[in-house]
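Biologist: I would like to go through this structure one question at a time. Please show it first.

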Amino acid sequence: MSSAGGSGDMESLALQLTNEINEAVAAGKSNEEFLTILERARDEITYTYAFSKTESYRQLSHAIGTSTAAPSRFEDSAIKAVYNAISEKRYTQARDDDVRITEALWWGTEPVLQEGKRVSVEFRDVTPSHKEWKVNELWTPEVVEGSTAETFGRITQRFRIQANKKHRHPYLPSLLFDALLKSGERVSFSALADRLASDVFNDLAQEHIVPYVRNDDKNHAVHERSPARYFDLWERTLPDWCVTPGHWIEPNPPPGYVENPSTLPVPKEQYYKKVPTLCFPGNGRNIIPSATKPDIITRAIFVPVQNYSPTKASFVPLQQEHDLVPHDDQLVPGEITLDAARALLGRVVQSSKEPRVDRTEAKRRKINKFAAQSLGYAWGLETEGEGEARRPSWLHCLHYGNRGGNEYVLDLTGQNRTYGEGWVSPVETRTTTCAWVGATLLPADVKALKAKRAASGTQEEASKKPSASQPSQDTVESGKLKAGAMDYDTWYERTAKWIRALNKKKTAPVVEVGPDGTFVGGDLGTSKGEADEFEAEVTGAKPGVWLMSLEPARPEDRAEDEMDEDAKVIRFVWTSDGSVNYDALPRRNRVRAPEAEPNAEWEVVGSFSVDSGTVCLFSKYALDTILASGTDREAMLEAFIDDDEGDKVFVPSGIVVSGNDGGYEIQGRRDAEGRIVELKVRL
């Protein structure tokens with residue numbers, strides 16, 4: 001392997017290899033001959049950051065990519081292995097070189113020159129007097145050593161490093177400063193960098209005292225060059241001078257967090273990684289070891305991840321317009337206790353500018369949830385008051401993202417205040433309007449809570465289990481034994497298989513309506529307990545096989561002035577007499593609904609309200625049948641809730657789907673005999 005030459009040498013070699021690759025393709029050379037050229041691109045090229053910005057690099061990358069994509073070479077395992085090695089080397093070498101260059105620019109310093117007079121130089125922060133907005137941050141004076149014979153830039157670099165270690169995050173230091181000369185002129189440190197220190201000292205009002213102005217409002221390039229941009233939050237490392245303070249608090253973990261898992265993650269299944277808060281730089285000014293505000297800061301944040309390969313974790317993207325906080329967990333500012341606010345720290349939180357939905361509302365308010373709702377990591381809490389009067393004031397958050405997002409704050413007092421100087425200051429943390437806020441409930445949490453409830457139910461059942469000669473009181477009162485009931489694990493395994501079958505593209509999602517002709521529906525979250533009932537009951541439906549669907553709303557389903565193009569509708573349509581066998585479902589193309597009666601009108605046949613975000617509509621006969629085959633109603637109904645973002649809405653008895661909180665109407669159409677043969681619910 002040749003040693004790394006300069007950028008020019010690499011460019012010449014890259015052009016040579018590009019030509020050889022193109023000629024080999026044109027001449028139809030064998031894969032073995034082609035592989036030899038490809039191996040040289042792997043072994044002889046050093047992919048520096050500077051080289052990665054050249055035209056010869058682009059041409060070589062294009063030649064390698066297009067030539068290896070040809071069918072005759074794409075399936076060649078040796079060529080594929082070398083191509084993957086080149087891709088890995090191309091990325092890691094350029095990344096590592098860029099990180100090395102950036103760290104040298106930001107944190108590298110040279111010793112004081114022995115020549116010249118050794119002097120102590122004091123740097124004084126005068127920023128508050130030289131900005132048009134109020135500046136609350138004033139750095140304490142810093143003294144560094146220097147020589148009159150060295151350039152002023154060597155001395156300012158020592159100051160920058162010393163001050164940034166105290167006041168800035170290592171991923172996002174302050175880089176832009178102006179010196180205030182005795183003439184009153186402000187000159188950037190970079191403009192003075194190449195001048196002799198002794199020369200610059202003569203231009204100062206006090207010879208070895210440098211008044212300076214921080215230009216944090218122009219410090220944009222630091223984000224573009226930060227080494228943090230290359231690494232996931234959980235892969236980042238910190239220098240030894242950036243250590244989590246002992247007084248930062250340990251966060252309460254989400255229900256689905258497993259501290260020391262004994263098994264590898266299930267592919268594509270969400271779980272959490274616990275990441276030190278200091279790995280989130282924010283704006284570089286607030287999340288630092290020396291922070292005094294906010295007064296409560298979490299030591300770590302739980303980041304949702306999933307694995308697409310056994311060893312590589314990937315960030316889980318979440319959609320802010322989805323309802324990720326159960327209605328009962330939505331906290332209203334002004335009513336939030338200190339303990340409830342502290343419990344948000346370290347969690348992914350969702351907030352909304354719109355008030356919580358009132359379950360008693362007859363009509364649902366139209367809410368643009370993408371515009372109204374925010375997702376973020378809660379990292380800090382400001383409080384006000386003392387002792388028993390202490391209460392939460394501001395919740396500090398970072399916008400949800402793979403690399404950690406911009407900072408924002410939520411007013412928890414209910415007074416709709418603006419933080420600090422608001423929009424007057426270009427560096428102030430922005431305030432996001434908050435009508436409610438809560439910790440998100442993600443698939444890992446739902447799964448953990450289900451397992452906990454199932455285990456609790458199993459233990460409770462075991463403690464109450466009657467002897468073989470003594471039936472339970474419920475059995476005595478019902479007058480019959482619940483023969484054939486399965487334990488939960490067996491019931492879940494069978495039901496999960498049926499749910500998968502119902503949601504396959506080629507399978508017809510059908511449900512059987514029994515002789516009672518009844519549908520039940522409502523808010524699954526508030527209807528799953530042993531003593532709960534569904535709010536809506538629709539009678540008079542035609543017994544037989546019904547086809548279910550969740551489809552885009554048709555024009556007749558929309559209001560005249562409605563602009564929501566993503567609106568959906570639940571539909572149930574009678575198709576035929578008969579019954580449903582979930583182990584042998586019909587193919588979708590063989591199930592057809594008859595034409596509706598030409599004069600049939602839609603009428604409201606039921607209504608219900610939702611505040612947990614989970615809408616359901618079931619055939620009562622089918623639901624009773626499947627619940628009778630198990631032992632724990634709540635756990636069984638919980639199993640119907642889809643943890644896979646809407647992929648499994650059809651269940652063996654009906655439909656369960658995420659929806660807005662508020663009121664819903666069930667509309668129906670009848671046949672000539674007056675029996676309901678079609679139902680719909682607009683989401």
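Biologist: Leaving out residues up to four places away in sequence, which residues does Pro-227 touch?
Modeller: This is a predicted model, and in it Pro-227 sits in the loop between helix H9 (221-225) and strand S6 (271-276). Pro-227 has a relative accessible area of 12%, under the 20% limit, so it is buried. Not counting residues up to four places away in sequence, Pro-227 touches Val-99, Thr-102 and Trp-106.

Biologist: What distance separates the C-alpha atoms of Pro-227 and Ile-287?
Modeller: Along the chain, Pro-227 and Ile-287 are 60 residues apart.

Biologist: With which side chain does the side chain of Arg-168 make a polar contact?
Modeller: Arg-168 is found in the loop between helix H6 (152-167) and strand S3 (177-180). Its relative accessible area is 2%, so Arg-168 is buried. Beyond four places in sequence, its contacts include Glu-137, Trp-139, Arg-214 and Asp-216. The polar contact, at 2.9 Å, is with the side chain of Ser-174.

Biologist: How many disulfides does a search of the whole structure find?
Modeller: A disulfide is a covalent bond between the sulfur atoms of two cysteines. Here a pair of sulfurs counts if they are within 2.5 Å. The search of the whole structure gives a count of 0.

Biologist: Which cysteine sulfur is nearest to that of Cys-242?
Modeller: Cys-242 is buried, at 5% relative accessible area, and belongs to no disulfide. The nearest cysteine sulfur is 8.4 Å away, in Cys-279.

Biologist: Within what arc do the buried residues of helix H15 fall?
Modeller: In H15 (residues 620-628), the buried residues are Ala-622, Leu-623, Ile-626 and Leu-627. They line one face of the helix, because, seen down its axis, they fall within an arc of 125 degrees.

Biologist: What covers the buried residues of H15?
Modeller: Part of the cover comes from strands, namely S16 (510-513), S17 (519-523) and S22 (614-619). It also includes two helices, H14 (488-502) and H16 (633-638).

Biologist: Is the aromatic pair of Phe-280 and Tyr-377 stacked or edge-to-face?
Modeller: The search of the whole structure finds 29 aromatic pairs. Phe-280 lies in the loop between S6 and strand S7 (296-297) and Tyr-377 in strand S11 (residues 373-384), so their pair ties together parts that are 97 residues apart in sequence. Phe-280 is buried at 0% relative accessible area, and Tyr-377 is buried at 0% too. The ring centres are 5.1 Å apart with 65 degrees between the planes, and the pair is edge-to-face.

Biologist: What kind of pair do the rings of Trp-498 and Tyr-582 form?
Modeller: Trp-498 is in helix H14 and Tyr-582 in the loop between strand S20 (568-576) and strand S21 (603-610), 84 residues apart. Both Trp-498 and Tyr-582 are buried. Their centres are 5.2 Å apart and their planes are at 35 degrees, so the pair is tilted.

Biologist: Is the peptide bond from Lys-293 to Pro-294 cis or trans?
Modeller: Pro-294 is found in the loop between S6 and S7. Most peptide bonds are trans. The bond from Lys-293 to Pro-294 has omega near 0 degrees, and is cis.

Biologist: What is the phi of Asn-416?
Modeller: Asn-416 lies in the loop between strand S13 (407-411) and strand S14 (430-431), and is exposed at 60% relative accessible area. Most residues other than glycine have a negative phi. Asn-416 is not a glycine, yet its phi is positive, at about 55 degrees.

Key
Residues are numbered from 1 along each chain as its sequence is written. This is a predicted model: local features need pLDDT of at least 70, side-chain atom pairs count only at pLDDT 80 or more; totals for chains, interfaces and linings use all residues. Side-chain values use heavy atoms; hydrogens and water are left out. Helices (H or I, at least four residues) and strands (E, at least two) are DSSP runs, numbered from the N terminus. Buried means under 20% relative accessible area, exposed over 50%, partly exposed in between (1.4 Å probe, protein chains only). A polar contact is a pair of N or O atoms within 3.5 Å; within protein, one must be able to donate a hydrogen and the other to accept it, and residues adjacent in sequence count only if both atoms are side-chain atoms. Contact means heavy atoms within 4.5 Å. The arc is that of the directions from the helix axis to the C-beta atoms. Rings of Phe, Tyr and Trp (its six-membered ring) pair if their centres lie within 6.5 Å; planes under 30 degrees apart count as stacked, over 60 as edge-to-face and the rest as tilted.
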